[in-house]
Amino acid sequence: LVSAEVTGLGSDDGHHVLRLADGGTVRGRAVVLATGARYRKLAVPGIEVLEGTSVYYAATHQEARMCGTDPVAIVGGGNSAGQATVFLADRVSHVHLLIRGGDLGKSMSRYLVDQIERHPRVTVHRNTEIREVHGEKYLDQIVVENNHTGEQDTLRIHALFVFIGAVPHTGWLADTIALDDHGFVLTGVDAVHAREDGNRRTGDRPSRTLETSLPGLFAAGDVRNGSVKRVASAVGEGAMAVRQIHEYFDRS
């Protein structure tokens, strides 16, 4: 079905039932959720025109090559931002890490905090937010502001990496399956624990790593809690889900 929007999930006679926006339904013994997530973007005027040339939402070897040795800035206080900081600091002349709060360790693992604080080419800007970006095709500089004092400063950088979280496309699932606190789908052992906590035990059936809290309903890619948010791993999980569906059919 091309351009069909799924609006809800139900069940009927042992089958999963997907409700469509046009009023139709699709039934299946098994379903794979691969709806992904939308990455949060900074609400800064003019940033959209720089996306893909000098504003990025991932820090891989490809982005690092595009940066060369020019100074860069990273926005975010979680592990993704910390890992990107450590990775890029060994490749560029300087990394400016911008966090909205005052405590780097509040949402970042201690081992990353220690590496960042010891690295000679990393500067951590606490209580800091971006107010302006400047550059035509490529980023030239950003204006940042201390959200406590209101003091502003200009940083000359040539790439900006944004790691401020993602919103999974799971709103249509409502309360039908177990999700984490951020709306990502729980799978495997986490889903089993969620069933038990909700008094919805399904016996001693072994947990499949990509199966959700509903038997026969699987999740793959960025929509899944614990995924690594990379295309290669999402493709791999899709292939794994097909294998686990066959196992589910053989044992059900």
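## Overall build

The chain has five helices and 15 strands. The model is a predicted one. Along the principal axes, the C-alpha atoms of the chain fill a box of roughly 65 × 40 × 35 Å.

The chain holds 252 residues, and 42% of them count as buried. Among contacts with a separation of 6 or more, 56% join residues 24 or more positions apart.

## Surface and charge

The chain exposes about 13,600 Å². Carbon and sulfur atoms supply 49% of that area.

There are 27 positive and 31 negative charges in the chain.

## Helix 5

Helix 5 covers residues 231-251. At 1.5 Å a residue, its 21 residues should span 30 Å. The end C-alpha atoms are 30 Å apart, which agrees.

Which residues of helix 5 are buried? They are E237, A241, Q244, I245 and Y248. These residues cover an arc of only 115 degrees around the axis, so they sit on the same side of helix 5. A general rule of helices fits here. An α-helix has 3.6 residues a turn, so residues three or four places apart point the same way.

Most residues other than glycine have a negative phi.

D13 is not a glycine, yet its phi is positive, near 55 degrees. D13 lies in the loop between strand 1 (6-12) and strand 2 (15-20). Is D13 buried or exposed? Its relative accessibility is 68%, and the cut-off for exposed is over 50%, so D13 counts as exposed.

N127 also has a positive phi, about 55 degrees, although it is not a glycine. N127 is placed in the loop between strand 9 (122-125) and strand 10 (128-134). The relative accessible area of N127 is 15%. Buried means under 20%, so N127 is buried.

What does N127 touch, leaving out residues up to four places away in sequence? Its contacts are I99, R100, G101 and G102, along with E145, N146, N147 and H148.

How values were computed:
Residues numbered from 1 in each chain as written. Predicted model: local features only at pLDDT ≥ 70, side-chain atom pairs only at ≥ 80, totals over all residues. Heavy atoms only, no water. Helix = DSSP H or I, 4+ residues; strand = E, 2+ residues; numbered from the N terminus. Expected span 1.5 Å × (residues − 1). Buried < 20%, exposed > 50% of the residue type's maximum accessible area, 1.4 Å probe, protein only. Arc of directions from axis to C-beta. Contact = heavy atoms within 4.5 Å. Areas by Shrake-Rupley, 256 points an atom, 1.4 Å probe, with all protein chains shown as cover. Lys, Arg positive; Asp, Glu negative; His and termini not counted. Charge placed at Lys NZ, Arg CZ, Asp CG, Glu CD.
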